[in-house]
Amino acid sequence: MGKSLIRTFPLFLFFTVALGLCYTILTYSISSGWNTVIDWAQIHTVVLGTSILVLSLVMWGAATWWLHKRNKIDTLYKSRIYRVATALLVSVMVGGAASYLFMVFHLDFTIGRATEWVRNILIVISSLLFC
């Protein structure tokens, strides 16, 4: 079962990213814009992070159990689409974290100032897309 968990770890990453995107889309759709989304996430960081982490772990465990029970983990792991999707997901996650850390450490931003900069970029992008 340990080998199954390692082979399905990208599913955990996918569930984590998917739940984060669901939070963003849901909060943006019921709020007044990106300012509210980011403010709410900053205020409730521990609760939001813990709930996303716990839900991701539960979904990952259920998916791994289901795949293990049906002997589909090797089929999934050997799939070319699974490997390409895993590579894209990991590269986007590493790139996002690296760019944020670059802003904080190399551009002399504080974490709050870097978050404000990301908020302003999101506002500009959403105003261009949803005019």
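Mentor: W117, I121, I125 and L129 make up a nonpolar patch on the surface. Patch members have over 30% relative accessible area and no salt bridge, with like charges joined within 9 Å and nonpolar side chains (Val, Leu, Ile, Met, Phe, Trp, Tyr) within 5 Å. This is a predicted model, where local features need pLDDT of at least 70, side-chain atom pairs count only at pLDDT 80 or more, and totals for chains, interfaces and linings use all residues. Residues are numbered from 1 along each chain as its sequence is written, and side-chain values use heavy atoms, leaving out hydrogens and water.

Trainee: What accessible area do W117, I121, I125 and L129 have together?

Mentor: Areas come from the Shrake-Rupley method with a 1.4 Å probe, and for residues only the protein chains shown count as cover. For the four residues together, the area is about 390 Å².

Trainee: Is L129 buried or exposed?

Mentor: L129 sits in helix 7 (residues 111-129); helices are DSSP runs of H or I, at least four residues, numbered from the N terminus. Buried means under 20% relative accessible area, exposed over 50%, and partly exposed in between (1.4 Å probe, protein chains only). The relative accessible area of L129 is 63%, so L129 is exposed.

Trainee: Which side chain meets R7 in a salt bridge?

Mentor: A salt bridge needs a side-chain nitrogen of Lys or Arg within 4 Å of a carboxyl oxygen of Asp or Glu, and the structure holds one. Here the N to O distance is 2.4 Å, and the partner of R7 is D74. The pair links distant parts of the chain, 67 residues apart, with R7 in helix 1 and D74 in helix 5.

Trainee: How far apart are the end C-alpha atoms of helix 4?

Mentor: The expected span is 1.5 Å times one less than the number of residues. Helix 4 (residues 45-69) has 25 residues, so it should span 36 Å; in agreement, its end C-alpha atoms are apart by 36 Å.

Trainee: Which residue's backbone oxygen does the T64 side chain reach?

Mentor: T64 lies in helix 4 and counts as buried because its relative accessibility is 1%. Beyond its neighbours within four places in sequence, T64 is in contact (heavy atoms within 4.5 Å) with M1, S4, L5, T8 and I73. Its side chain also reaches, at 2.8 Å, the backbone oxygen of W60.

How values were computed. Helices (H or I, at least four residues) and strands (E, at least two) are DSSP runs, numbered from the N terminus. A polar contact is a pair of N or O atoms within 3.5 Å; within protein, one must be able to donate a hydrogen and the other to accept it, and residues adjacent in sequence count only if both atoms are side-chain atoms.
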